[in-house]
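Biologist: Let's go through this chain together, from the overall fold down to single residues. I will ask, you answer.

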Amino acid sequence: MSFDEETIPEPTPQDLAIWGRISTHAEFGEATADWLTRKHPYYPTYLSPGPAAESADLIEGLATINRLGFVTDSSQPGVPVDDAGSGQRAYVTGYCDEATAETIASALRFSDLIVLHFSPDSLGDGSIVVSTDEGEEFTWVGRRDSISAAEGYRERAGDSLADLILASWELHIIDPAWGRNDRLIPALLHALGADS
């Protein structure tokens, strides 16, 4: 998920009610999937009524992943590195319970994907570059963001969702190959049993 250039929507009372009553990963995942598929235009920590156009090919897979218990909060497709040195690695980050974190980590352990998982009490401080701009590092993952993210959710969605995030496992899943888009989402869907 990333910012879109569209007009930032004002939350309606219905939007605030949807996000304010979330207390489980299932509810969180369903609300996130609805935002991804533009069923609802409000997402508490994104200033956009939907994901960026670059993510169009990922939406169906991401919505399914959210509905299966891994709630995504950031993602991008892979983009091959161009002559100027700009490119992207595909990645997905998000929240889940411990059982889902172990399911994903176990299923992807011997794949060529990188899986970083942080328990609720972990500080998780590191970084892996996932995009460059004209040869310079531009975006990183690998640092646990739950504490700062929870405050944004607390402010715009209430205590229940913020507390859920603080109690969640946080996963960062990265495809180490620059520009590749055919591994990460299918592997994550398989790990969560979407193809069974």
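Modeller: Of the 196 residues of the chain, 51% count as buried. Keep in mind that this is a predicted model.

Biologist: What share of the accessible surface belongs to carbon and sulfur atoms?

Modeller: Take the total for the chain. The accessible surface comes to about 9,400 Å². The part that belongs to carbon and sulfur atoms is 53%.

Biologist: In what order do the elements of the chain run from the N terminus on?

Modeller: The chain has seven helices and six strands. Read from the N terminus, their order is α-α-α-β-β-α-β-β-β-α-α-β-α.

Biologist: What is the radius of gyration, and why does the chain count as compact?

Modeller: The C-alpha atoms fill a box of roughly 50 × 40 × 35 Å along the principal axes. For 196 residues the globule rule gives 16 Å, and the chain comes close to that, so it is as compact as a globular protein of that length. Its radius of gyration is 16 Å.

Biologist: Which element gives the most to the lining of the largest pocket?

Modeller: The largest pocket has a volume of about 730 Å³. It is lined by 34 residues, and the closest to its centre are Tyr46, Ser74, Tyr91, Thr139 and Trp140. At least two lining residues each come from β1, β2, β4, β5, α5 (146-157) and β6 (169-178). The top contributor, with five residues, is β2.

Biologist: How many residues of that pocket lining are polar?

Modeller: Sort the lining of the largest pocket by residue class. There are 10 nonpolar residues and seven charged ones. The polar residues number 17.

Biologist: Turn to the cavities. What is the volume of the largest cavity?

Modeller: With a cut-off of 30 Å³ or more, the count is one cavity. The largest cavity has a volume of about 60 Å³.

Biologist: Which element supplies the largest share of the lining of the largest cavity?

Modeller: The lining consists of Leu58, Gln76, Pro77, Ala90, Tyr91, Val92, Arg180, Asn181, Leu184 and Ile185. Two or more of these residues come from each of β2 (87-96) and α7 (184-191). The largest share is three residues, and it comes from β2.

Biologist: Is phenylalanine 70 buried or exposed?

Modeller: Phenylalanine 70 lies in the loop between α3 and β1. Beyond four places in sequence, its contacts include Ile65, Val92, Tyr95, Ile104, Leu171 and Leu192. Buried means under 20% relative accessible area. Phenylalanine 70 has 0%, so it is buried.

Biologist: Which residues does valine 115 touch, not counting those up to four places away in sequence?

Modeller: Valine 115 is in strand β3 (residues 114-118). Its C-alpha lies 6.6 Å from that of isoleucine 174, 59 residues away in sequence. The residues that valine 115 touches are Ala105, Leu108, His172 and Ile173.

Biologist: How many Å apart in space are proline 80 and glycine 179, C-alpha to C-alpha?

Modeller: Proline 80 sits in the loop between β1 (71-76) and β2. Beyond four places in sequence, proline 80 touches Ser86, Gly87 and Gly179. Proline 80 and glycine 179 are 99 residues apart in sequence, and their C-alpha distance is 3.8 Å.

Biologist: What is the phi of arginine 38?

Modeller: Arginine 38 is in the loop between α2 (25-36) and α3 (59-67). Its relative accessible area is 40%, so it counts as partly exposed. Arginine 38 is not a glycine, yet its phi is positive, near 65°.

Biologist: And glutamate 134: is it buried or exposed?

Modeller: Glutamate 134 lies in the loop between β4 (128-133) and β5 (136-141). It has a positive phi of about 50° although it is not a glycine. Exposed means over 50% relative accessible area. Glutamate 134 has 60%, so it counts as exposed.

Key: Residues are numbered from 1 along each chain as its sequence is written. This is a predicted model: local features need pLDDT of at least 70, side-chain atom pairs count only at pLDDT 80 or more; totals for chains, interfaces and linings use all residues. Side-chain values use heavy atoms; hydrogens and water are left out. On a 1 Å grid over the protein atoms alone, a cavity is a set of points where a 1.4 Å probe fits but cannot get out, and a pocket is an open set with protein on both sides within 12 Å along at least five of seven lines; lining residues have an atom within 4 Å of a point. Grid points are joined across faces, edges and corners, and a volume is the space filled by probe spheres set on the points. Helices (H or I, at least four residues) and strands (E, at least two) are DSSP runs, numbered from the N terminus. The radius of gyration is taken over C-alpha atoms; the globule rule is 2.2 Å times the number of residues to the power 0.38. Buried means under 20% relative accessible area, exposed over 50%, partly exposed in between (1.4 Å probe, protein chains only). Accessible areas come from the Shrake-Rupley method with a 1.4 Å probe; for residues, only the protein chains shown count as cover. Contact means heavy atoms within 4.5 Å. Ala, Val, Leu, Ile, Met, Phe, Trp, Tyr, Cys and Pro count as nonpolar, Asp, Glu, Lys and Arg as charged, and the others, Gly among them, as polar.
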